[in-house]
Amino acid sequence: MKNNIILFTILTGILFCSCDAALDVQPENYLFEDQLVTDDKSAQTSLVGVYTQLNWTYYQYLEVMLPLMDGSLTTTNSTWIFGEASDNSFDSSQVSLNTVYEWPYYITNSANATISAVTDNASVSAGEHDRILSEAYFLRAFGHYVALRSFGQFFDLSSDYGIVLQNTVSTVENSKIARSTVQESYDFILDDLDKSIELNAAFTYNYYASSIAAKAFKANVLLYMGGQENYEAAVLLADEVINSGDVELESNFEDVFENGVANSEVIFSRINGEGQGSKLSYYYQSLVKVSPWLQDFLVDDPRKEASYNTSNLLLKKIYTSGVSGGPANYMRLAEVYLIKAECQARLNLLAQAEETLNAVRNRAYGGAAPDLEYTSQEELLDIIFDEYVKELCFETGAVWFAAIRHGKIEEIKTNVTSSNQYIFPIPISELENNTLFGPQNPGYLGI
């Protein structure tokens, strides 16, 4: 695995498609199914085909859209889907929305090709069999996790508005599938994460999946689902990640970004292959600016200088020109600490939550963060939300989802007036072609 990063360049290529149903697409690694996975090397090549989907252009659109939606960024180009993100108002007929919808299913579909090809394949050695499947199940869970947070009512376990779940390689014959409920969607994601954990892929580099990544994401999913048992389970999983010895907090906040893929803190990320720049790096480096509310939020925080350029308001912490647009950190250890602290606070374990939170705060303040001042569970939860903003702003939607979970989004973004705006509409093209899908998301036009 460690020697195959070059395959990202070899296999990188965007899956172009028409306005057919999003699931009616053969995965990029489809040719590496049963008859061609004949040894460890070909099984590994199939798995690399899944990772190539992380570099698909249109997912990087989503990375721009989420901080525009929470208002931490503004854009000097208010047209196209980025303008819609800034306004928190999306057109279900927008072609670029359809491409954002398709992207997570390219990941799940490619993962299904690898799972199908490797499972019980006697040509693959036992160790590689389990490792490859552990990574593939994680990646399938990750794709569905992205889809659910974007297009399903992830915030309501009782909702019928979940997502289409994909557990086999897509064909024309099976591409029409009804959406599942939110609970069914979460159950499917958790089952895949559990399989990944059980098969126990070791942590190597932060741009590969691992059982540690599966544990971190499972803790996050359980936090989203809520409830005492889920909070308690999430705390235990967070502890397993924190105490694993595989990752540790960088000594200095800025080192998380300056050290690139060599940093000690990131658990799972997307990186650019050698010679590849971010396809949207120009957007971050010229058109996106830090918003006034976030400037005010960070005014006295020591992480400000490492987060954005105070002279021109351009992003600094992730999308720096020095790393050609930078990686996307989908999960790092600081977020695991915040997940743990939030769960502890929601369990009313306030002293424990404060201790957990201070692991992140002390790093930000060089080892001596100011004392926290709060008198209630609600006040401590407010402080934890503030920490999500200060620590994770601009990072793959962490602030957007925390603001929804903490009931803050309508305060910080006045464009958001309804929970219908917490998710995107289902693209019209998907509703037209997948006739079994079901109804459009509430509040949006369409079938």
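# Lys317 and its surroundings

User: What does the side chain of Lys317 reach, and why is this called a polar contact?

Analyst: The side chain of Lys317 reaches the backbone oxygen of Glu391 at 3.0 Å. A polar contact is a pair of N or O atoms within 3.5 Å, where within protein one must be able to donate a hydrogen and the other to accept it; residues adjacent in sequence count only if both atoms are side-chain atoms. The 3.0 Å is within 3.5 Å, so the pair qualifies. One caution on the source: this is a predicted model, where local features need pLDDT of at least 70 and side-chain atom pairs count only at pLDDT 80 or more, while totals for chains, interfaces and linings use all residues. Residues are numbered from 1 along each chain as its sequence is written, and side-chain values use heavy atoms, with hydrogens and water left out.

User: Where is Lys317 found, and with which residues is Lys317 in contact?

Analyst: Lys317 is found in the loop between α13 (304–307) and β4 (328–332). Contact means heavy atoms within 4.5 Å. Leaving aside neighbours within four places in sequence, the partners of Lys317 include Phe253, Phe257, Arg332, Glu391 and Glu395. Lys317 and Glu305 are 12 residues apart in sequence, and their C-alpha atoms are 8.8 Å apart in space.

User: Where is Arg332 found, and what makes Arg332 buried or exposed?

Analyst: Arg332 is found in strand β4. Its relative accessibility is 1%, so Arg332 counts as buried. Not counting residues up to four places away in sequence, Arg332 touches a list of residues, among them Lys317, Glu265, Arg363 and Glu391.

User: How many helices and strands are in the chain, and what makes a stretch count as one?

Analyst: The chain has 19 helices and four strands. Both are DSSP runs (helices H or I, at least four residues; strands E, at least two), numbered from the N terminus.

User: How do you know what share of the chain is buried?

Analyst: Each residue is set against the same cut-offs of relative accessible area. Buried residues make up 61% of the 447 residues. Among contacts with a separation of 6 or more, residues 24 or more positions apart account for 71%.

User: Where is Asp239, and why is Asp239 called buried, exposed or partly exposed?

Analyst: Asp239 is in helix α9 (residues 228–242). Its relative accessible area is 23%, so Asp239 is partly exposed. The side chains of Asp239 and Lys340 are joined by a polar contact of 2.5 Å. The C-alpha atoms of Asp239 and Val336 are separated by 8.7 Å, although these residues are 97 apart along the chain.

User: What makes Gln166 buried or exposed, and what does its side chain contact?

Analyst: Gln166 has 3% relative accessibility and therefore counts as buried. It lies in the loop between α6 (126–151) and α7 (182–199). The side chain of Gln166 makes a polar contact with the side chain of Thr108 at 2.3 Å.

User: What is the phi of Asn88, and what is the phi of Leu313?

Analyst: Phi of Asn88 is near 55 degrees, a positive value in a residue other than glycine. Phi of Leu313 is near 65 degrees, also positive in a residue other than glycine. At 4% relative accessibility, Asn88 counts as buried. At 24%, Leu313 counts as partly exposed.

How values were computed: Buried means under 20% relative accessible area, exposed over 50%, partly exposed in between (1.4 Å probe, protein chains only).
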